[in-house]
Amino acid sequence: MKTIVGILAAVVASVALQAADPPGFAIWKAADLRSHDAALSTHVADDHSSRETLADYGDHRFRMLYRDADGNPEQHDAIIDIVMVHSGDGTLQLGGVMAGARTTSAGEWLGTRLDGGDRHPLGPGDIVHIPAGVPHAFLVPQGKHLTYVLLKIPAARRK
């Protein structure tokens with residue numbers, strides 16, 4: 001009897017070890033993102049945005065952002081932004097010339113406006129890849145909001 005109990009315990013332990021998620025694994029279910037969206041909308045800063053880091057893996061990170069007005073243009077010389085729109089409506093202004101550009105840290109730029117460029121309407125379910133080195137801004141109509149998950153990853157270094 002002790003042998004059978006021992007074998008069963010070993011099988012259960014083996015199954016439990018195999019079923020464990022690997023280190024670094026994460027999943028954000030739709031219901032979780034709706035909760036984050038609702039929470040972010042309750043503490044919007046003076047810049048008309050609220051943000052939360054969902055996970056930081058060192059070389060890349062996931063953030064969730066809520067905006068209820070236009071954001072300042074920005075540019076990342078060595079970072080790619082991948083934007084997954086969760087809720088709301090807005091416009092991505094991409095390219096052009098950044099006015100009032102100032103560096104916030106090495107390779108990171110913030111401006112006061114973008115002159116020119118292209119405008120791309122955004123809505124829930126849209127996914128956008130913004131290459132490194134391209135100025136961009138999120139525009140949000142008065143009375144509306146835009147919430148998105150942002151994946152920031154390093155751009156490949158060219159030789």
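User: How far apart are the closest N and O atoms in the salt bridge that Arg113 forms with Asp115?
Analyst: A salt bridge here is a side-chain nitrogen of Lys or Arg within 4 Å of a carboxyl oxygen of Asp or Glu. Arg113 and Asp115 make one, with their closest N and O atoms 2.8 Å apart.

User: And what should I know about the numbers?
Analyst: It's a predicted model, so local features need pLDDT of at least 70 and side-chain atom pairs pLDDT 80 or more, while totals for chains, interfaces and linings use all residues. Residues count from 1 along each chain as its sequence is written, and side-chain values use heavy atoms, leaving out hydrogens and water.

User: Are Asp81 and Lys152 buried or exposed?
Analyst: Their side chains meet in a salt bridge at 2.6 Å, N to O. That pair ties strand β4 to strand β13, 71 residues apart in the chain (strands are DSSP E runs of at least two residues, numbered from the N terminus). Buried means under 20% relative accessible area, exposed over 50%, partly exposed in between, with a 1.4 Å probe and protein chains only. Asp81 and Lys152 are both buried.

User: Which residues of helix α2 are buried?
Analyst: Seen down the axis of α2, the buried residues fall within an arc of 70 degrees (directions from the axis to the C-beta atoms), so they line one face. They are Leu33, Asp37 and Leu40.

Notes:
Helix = DSSP H or I, 4+ residues; strand = E, 2+ residues; numbered from the N terminus.
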